[in-house]
Amino acid sequence: MTKSAKKSAVGGAIISLTALLSTVVFLYIGFVMHTWHPTWLIFISIPVVSAIVDVFTSKRHIAAAVSAIVSVCCVVAYLYMGFILRLWHPGWLIFFAIPITHIILKLFTGDFETCSKESDCKTCSADTKEQAGE
């Protein structure tokens, strides 16, 4: 087993363990304390842990992981502002943080290359050739 395969296996185990622990914690708190409503938010830890694991297993660039975590945090903040503070209307503005973060990350990583045609971009042409089996 290669080092990359071992990292992927460990990463998958961590994500699976997070899902299992989230379920156990949810059920425990729900049955013991009878607080099902806010406790379901524990399941948001699964995509956050997945994004972090993907960075460490080199499946995802750090900027993509930050974007994923910001997206999840925006959803959590929106739900908190809506359900707890009853601020649904101005709360939706939090979702502007997602594209703003994405743009800022692209500026810092330099990953804003776009192509008008496939043949104009060497990267796109190379990817297309690989997919075609050339």
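Reader: Is Phe 43 buried, partly exposed or exposed?

Author: In this predicted model, Phe 43 has a relative accessible area of 30%. Buried requires under 20% and exposed over 50%. Phe 43 therefore counts as partly exposed.

Reader: Which parts of the chain does the pair of Phe 26 and Phe 43 tie together?

Author: The structure holds 7 aromatic pairs, and Phe 26 with Phe 43 is one of them. These two residues are 17 residues apart in sequence. The parts joined by the pair are helix α1, where Phe 26 lies, and, for Phe 43, the loop between α2 and α3 (45-56).

Reader: How are the rings of Phe 26 and Phe 43 arranged: stacked, tilted or edge-to-face?

Author: A pair of aromatic rings is described by the distance of the centres and the angle of the planes. For Phe 26 and Phe 43 the centres are 5.2 Å apart and the planes stand at 55°. Planes under 30 degrees apart would count as stacked and over 60 as edge-to-face, so the pair of Phe 26 and Phe 43 is tilted.

Reader: Is Phe 26 buried or exposed?

Author: The relative accessible area of Phe 26 is 16%. Because buried means under 20%, Phe 26 is buried.

Reader: Which residues form one aromatic cluster with Phe 26?

Author: Phe 26 is paired with Phe 43, and Phe 43 belongs to the cluster.

Reader: How are the rings of Phe 83 and Trp 88 arranged: stacked, tilted or edge-to-face?

Author: Phe 83 is partly exposed at a relative accessible area of 37%, and Trp 88 is partly exposed at 33%. The centres of their rings are 5.0 Å apart, with the planes at 85°. Since planes over 60 degrees apart count as edge-to-face, the pair of Phe 83 and Trp 88 is edge-to-face.

Reader: Which residues does Thr 39 touch, not counting residues up to four places away in sequence?

Author: Thr 39 is found in helix α2 and is buried, with a relative accessible area of 10%. The C-alpha atoms of Thr 39 and Ser 22 are 9.7 Å apart, although 17 residues separate the two along the chain. The residues touched by Thr 39 are Val 25, Phe 26 and Ile 29.

Reader: Are α1 and α3 roughly parallel or roughly antiparallel to each other?

Author: The axes of α1 and α3 are 9 Å apart, and the two helices pack at an angle of about 170°. Angles over 145 degrees count as roughly antiparallel. α1 and α3 are therefore roughly antiparallel.

Reader: How many residues of the contact of α1 with α3 are nonpolar?

Author: From α1 the contact draws on residues including Lys 7, Ile 14 and Ile 15, and from α3 on residues including Ile 46, Val 49 and Phe 56. The contact residues divide into 5 polar, 1 charged and a nonpolar group. The number of nonpolar residues is 7.

Reader: Is the crossing of α4 and α6 left-handed or right-handed?

Author: Helix α4 packs against α6 (residues 97-109) at an angle of about 165°, with the axes 9 Å apart. That makes α4 roughly antiparallel to α6. The crossing of α4 past α6 is right-handed.

Reader: How many charged residues are there in the contact of α4 with α6?

Author: Among the residues of α4 that meet α6 are Ala 63, Val 66 and Cys 74, and among their partners in α6 are Ile 98, His 102 and Leu 105. The contact residues include 7 nonpolar and 5 polar. The number of charged residues is none.

Reader: What is the phi of His 34?

Author: Most residues other than glycine have a negative phi, and most peptide bonds are trans. His 34 lies in the loop between α1 (3-33) and α2 (36-39) and is exposed at 61% relative accessibility. Its phi is positive, near 55°.

Reader: What is the phi of Arg 86?

Author: Arg 86 is placed in the loop between α4 (62-83) and α5 (88-91). Its relative accessible area is 60%, so Arg 86 is exposed. Although Arg 86 is not a glycine, its phi is positive, about 60°.

Reader: How many helices are there in the chain?

Author: The chain has 134 residues, of which 17% count as buried. Along the sequence the pattern reads α-α-α-α-α-α-α, and there are 0 strands. The number of helices is 7.

Terms used. Residues numbered from 1 in each chain as written. Predicted model: local features only at pLDDT ≥ 70, side-chain atom pairs only at ≥ 80, totals over all residues. Heavy atoms only, no water. Helix = DSSP H or I, 4+ residues; strand = E, 2+ residues; numbered from the N terminus. Buried < 20%, exposed > 50% of the residue type's maximum accessible area, 1.4 Å probe, protein only. Axes fitted to C-alpha atoms, helices over the stretch in contact; angles between N-to-C directions. Parallel < 35°, antiparallel > 145°, perpendicular 65-115°, else oblique. Left-handed = near helix turned anticlockwise from the far one by under 90°. Contact = heavy atoms within 4.5 Å. Nonpolar A, V, L, I, M, F, W, Y, C, P; charged D, E, K, R; others polar. Phe/Tyr/Trp six-rings, centres within 6.5 Å; stacked < 30°, edge-to-face > 60°.
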